[in-house]
Amino acid sequence: MVEAVLVDLFSLPANLQNNIQGLLCNTVETIEKYSSIPAPFVYVICCQRQGSERNGEKESLLPALSVFQSLKKRLEVVHAPNTAAALYTIKQSLDEKDLSIIKVIVPTLRKALMKVYIDHLFTAVYQFEFEDLPVAYDCENLKIAEPQSEGQTLPIQDMALIQSEIQLYLESLPSLKGELTILRSSLIPDDIFLHGFTTRAGGISYIPTLSSCNLFSSSKRRDPQVVVKENLRRLANAAGFDPETFHRVKVDHANAVCVMGKTEPDSYDGIVTNQKGITIAAPGADCIPVLFADPVRKACGAAHSGWKGTLLGVSMATVNAMVSAYGCNLKDILVVLGPSVGPCCYKLPQESATEFHRIDPKCVRLFDSANPYIDIRRATRILLERGGILPENIQDDSVTDQNQNITFCTACHPDKFYSHFRDGTNFGTQIGFISIKD
């Protein structure tokens, strides 16, 4: 059932905006008849014209909108300088109310345009249906050169203009939850490598479990790719790398490794490079983002190590890729484990816990319980040491000086980190990143 109705009056001149009372009335009556709720939320998009008073514009719409008095607080007129700003404002309201099924009533000539905006600003979490707004207009008023037939795509130049409008609007938004913060390890020499682990501060993501520097978008989450791209741009500016040469692992919770410059696998949890100026990264939201650096051969790597990847040896697979691809010596490779869920919080079923117990009994606490506590960090360290990495070349939460600790428990620090274990399916993602300086 439709939960919200969006009426697009953005490009209609003021004299036409007052001639749609019947359409709006019929729309709400239909929704009230078939909806499971008394009446949907209704959003009316209007252009915030230069030199006009916001209140005056709103007053001019009241005759057409008086039929909606029964909606009370369910009606909102959104004045914005452009379509990107209007839709993003409405998206914030929809997300606050946890609404996702939307009917869009739009002038025929604006439909293709509106679909492009929606594709960029929303994800597959939302469901949209479109209905024509049958009003008289001309192409000049609608700012579109030619009518768009059903299913016809916009010209490339129009697509580029929309993308630019969205990007500029997102760049104008203030950072949330404070300044962008990057954690850095003293083990990795900063004269050779640029690296860090992100926290959740300093981005523009506003949904509570994603706020604010979420760095991953998927069809199951409400943060669109354009928002994640803006968060990455802000991170790149703060850290000093080029977002256009940024490469993140394609998570599969396994142990495949991508060697930059060679054929890219369809999915992989480790990535290595010896190319200067290329920033590689691994995500984490309980899983461990692991960074690797060889200051002698000037090579680096990143790995995403969840419990499955840990058991499959993804960290040593990344080390072995550095050895085989770049001639790295095991004793020269430095490894840093980033923020991840700690043994204080993380539980797995008995069957999976048994695999960690085989690595080392100390990796499991309350082993005889149905869901023992697991230390995936300790298991990672043990497997790295067994593979030939020197113990002093591994930094994790076992550091003597806790002021040097960057392997915080993500579940224990909701103010600093995202956690799938803590937040559920609509969780955000932080990353560990590394590159070789020019």
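This is a predicted model: local features need pLDDT of at least 70, side-chain atom pairs count only at pLDDT 80 or more; totals for chains, interfaces and linings use all residues.
Local features here need pLDDT of at least 70 and side-chain atom pairs count only at pLDDT 80 or more, while totals for chains, interfaces and linings use all residues. Residues are numbered from 1 along each chain as its sequence is written, and side-chain values use heavy atoms, with hydrogens and water left out.

View 1. A pocket here is an open set of points on a 1 Å grid over the protein atoms alone, where a 1.4 Å probe fits, with protein on both sides within 12 Å along at least five of seven lines; lining residues have an atom within 4 Å of a point. Of the 23 lining residues, Gln225, Val228, Lys229, Glu230 and Leu232 are the closest to the pocket's centre. α8 (225-239) puts in the most, with 7 residues; α7 (156-171) and β8 (246-248) each supply at least two. Helices (H or I, at least four residues) and strands (E, at least two) are DSSP runs, numbered from the N terminus. By type, the lining splits into 11 nonpolar, 5 polar and 7 charged residues, with Ala, Val, Leu, Ile, Met, Phe, Trp, Tyr, Cys and Pro taken as nonpolar, Asp, Glu, Lys and Arg as charged, and the others, Gly among them, as polar.

**View 2. Strand β11, covered on both faces.** β8 runs parallel to β11, joined by 3 bridges, and arginine 248 stands opposite alanine 281. β18 (430-436) is antiparallel to β11, with 5 bridges, and here proline 283 faces isoleucine 431. Two strands pair if DSSP finds at least two bridges between them.

**View 3. An open, parallel five-stranded sheet.** The order is β3-β2-β1-β4-β5, with β3 (75-80) and β5 (127-132) as the edge strands, each pairing on one side only. Inside the sheet, β1 (4-8) and β2 (41-47) share 5 bridges, and valine 7 stands opposite valine 44.

**View 4. Cysteine 412, in no disulfide.** The nearest cysteine sulfur, from cysteine 345, is 3.5 Å away; a disulfide is a pair of cysteine sulfur atoms within 2.5 Å. The structure holds 0 disulfides. Cysteine 412 is partly exposed at 41% relative accessibility.

Terms used
Buried means under 20% relative accessible area, exposed over 50%, partly exposed in between (1.4 Å probe, protein chains only).
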